[in-house]
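Please examine the sequence and the structure shown here before reading on.

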Amino acid sequence: MNLILLFPEDFLAPGRVRLQGRRLRHVLEVHRAAVGDELCVGLEGGRIGRGRVLALDGDGLEMTVELETAPPEALAVTLVLALPRPKMLKRILVTATSMGVKTIYLVNSFRVEKSFWNSPLLSGEKLVEPLILGLEQARDTVLPRVHLRPLFKPFVEDELPAICAGTTALLAHPAGNAPCPRVPPGAVTLAIGPEGGFVPYEAEMLQRCGFSAVTLGERILRVEAAVPVLLSRLAPL
């Protein structure tokens, strides 16, 4: 936890917060903070600063906070991702969030198992948890927006053209005939399929929508490895 993410309900008064639960345990067990120590904090959706510990025990932590710095710039990539298995999805969401992705569409595909859409990870707090972990890792405060699209064809036909309009639209595909570019100008819409890739019908639909099929080379990576590799190519140094 490189940043302690604060929420409005944490504030006892302007500039003063109280923390309990997971964040308190982390401060006690990992930071091993004491009264008077300073910690990096940030308000969800807002600025980043320092928190000075006023009181700390097993029941709670109180500190004063000053928030002065804007969060890092977002990565100009909209991620369209075929829904992976739940355990993999959690890791991917942490990674994508920590790399600065702010808009994620989880979509269906022929190779996506129907049971994946019934995962508890896709609802409420469970979906937000890996996003928070990604923000804490990267010292960011702006949560990504995650959109669930369980119907592939209506999404590609009705929504995706507007989403990718004015962007460089890239389809990461094992059969891509061009290498993935490095930091193309402007915003990017990146589509990544399930293990084995989108089936030909789905890939063709995406290409008709304006996507160019690209590859990372001869080696076929698992989705959880392909996501950070592709995002790192598209991120400015």
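The model is a predicted one. The protein has 237 residues, of which 46% are buried. Its secondary structure comprises six helices and 13 strands. Taken along the principal axes, the C-alpha atoms fill a box of roughly 60 × 40 × 35 Å. The protein exposes about 12,100 Å², and carbon and sulfur atoms supply 53% of that area.

The packing of helices comes next. Two packed helices are described by the angle between their axes and the distance between the axes. Helix α2, residues 86-98, packs against helix α3, residues 124-138, at an angle of about 40°, and the two axes are 7 Å apart. That angle makes α2 oblique to α3, since angles under 35 degrees would count as roughly parallel. The crossing of these two helices, α2 and α3, is right-handed. On the α2 side, the residues that meet α3 are K90, L93, V94, T97 and S98; on the α3 side, the partners are L127, P130, L131, L133, G134, L135, Q137 and A138. Sorted by class, this contact of α2 with α3 holds eight nonpolar, four polar and one charged residues.

Helix α2 also packs against helix α6, residues 223-234, here at an angle of about 10° and with the axes 9 Å apart. The angle makes α2 roughly parallel to α6. In this contact, M88, R91, I92, T95 and A96 of α2 meet V223, E224, V227, P228 and L231 of α6. The residues of the contact of α2 with α6 divide into seven nonpolar, one polar and two charged.

A further pair is formed by helix α4, residues 152-164, and helix α5, residues 200-208, which pack at an angle of about 5° with their axes 10 Å apart. Helices α4 and α5 are therefore roughly parallel to each other. From α4, the residues F152, K153, V156, E157 and L160 meet Y201, E202, M205 and L206 from α5. The contact of α4 with α5 has six nonpolar and three charged residues, and no polar ones.

Attention now turns to the backbone. Most residues other than glycine have a negative phi, and most peptide bonds are trans. Which positive phi does R139 have, although it is not a glycine? The value for R139 is about 55°. R139 is placed in the loop between α3 and β9, the latter spanning 145-149. With a relative accessible area of 42%, R139 is partly exposed. V183, likewise not a glycine, has a positive phi of about 45°. Its place is in the loop between β11 (178-179) and β12 (188-192). V183 is partly exposed as well, with a relative accessible area of 39%.

I4 lies in strand β1, which covers residues 4-6. Leaving aside neighbours within four places in sequence, I4 is in contact with L19, R23, V27, L39, C40, V41 and G42. I4 and L133 are 129 residues apart in sequence, yet their C-alpha atoms are 9.9 Å apart in space.

F11 is found in strand β2, residues 11-13. F11 is partly exposed, with a relative accessible area of 25%. Beyond its neighbours within four places in sequence, F11 is in contact with L6, R16, V17, L43 and V65. F11 and I92 are 81 residues apart in sequence and 31 Å apart in space, C-alpha to C-alpha. I92 is one of the α2 residues that meet α6.

V30 belongs to helix α1, residues 21-31. At a relative accessible area of 52%, V30 is exposed, because the term applies over 50%. V30 and M1 are 29 residues apart in sequence, and their C-alpha atoms are 8.7 Å apart in space.

Methods
Residues are numbered from 1 along each chain as its sequence is written. This is a predicted model: local features need pLDDT of at least 70, side-chain atom pairs count only at pLDDT 80 or more; totals for chains, interfaces and linings use all residues. Side-chain values use heavy atoms; hydrogens and water are left out. Axes are lines fitted to C-alpha atoms, for helices over the stretch in contact, and angles run from 0 to 180 degrees between N-to-C directions. Helices (H or I, at least four residues) and strands (E, at least two) are DSSP runs, numbered from the N terminus. Angles under 35 degrees count as roughly parallel, over 145 as roughly antiparallel, 65 to 115 as roughly perpendicular and the rest as oblique. A crossing is left-handed if the near helix is turned anticlockwise from the far one by less than a right angle, and right-handed if clockwise. Contact means heavy atoms within 4.5 Å. Ala, Val, Leu, Ile, Met, Phe, Trp, Tyr, Cys and Pro count as nonpolar, Asp, Glu, Lys and Arg as charged, and the others, Gly among them, as polar. Buried means under 20% relative accessible area, exposed over 50%, partly exposed in between (1.4 Å probe, protein chains only). Accessible areas come from the Shrake-Rupley method with a 1.4 Å probe; for residues, only the protein chains shown count as cover.
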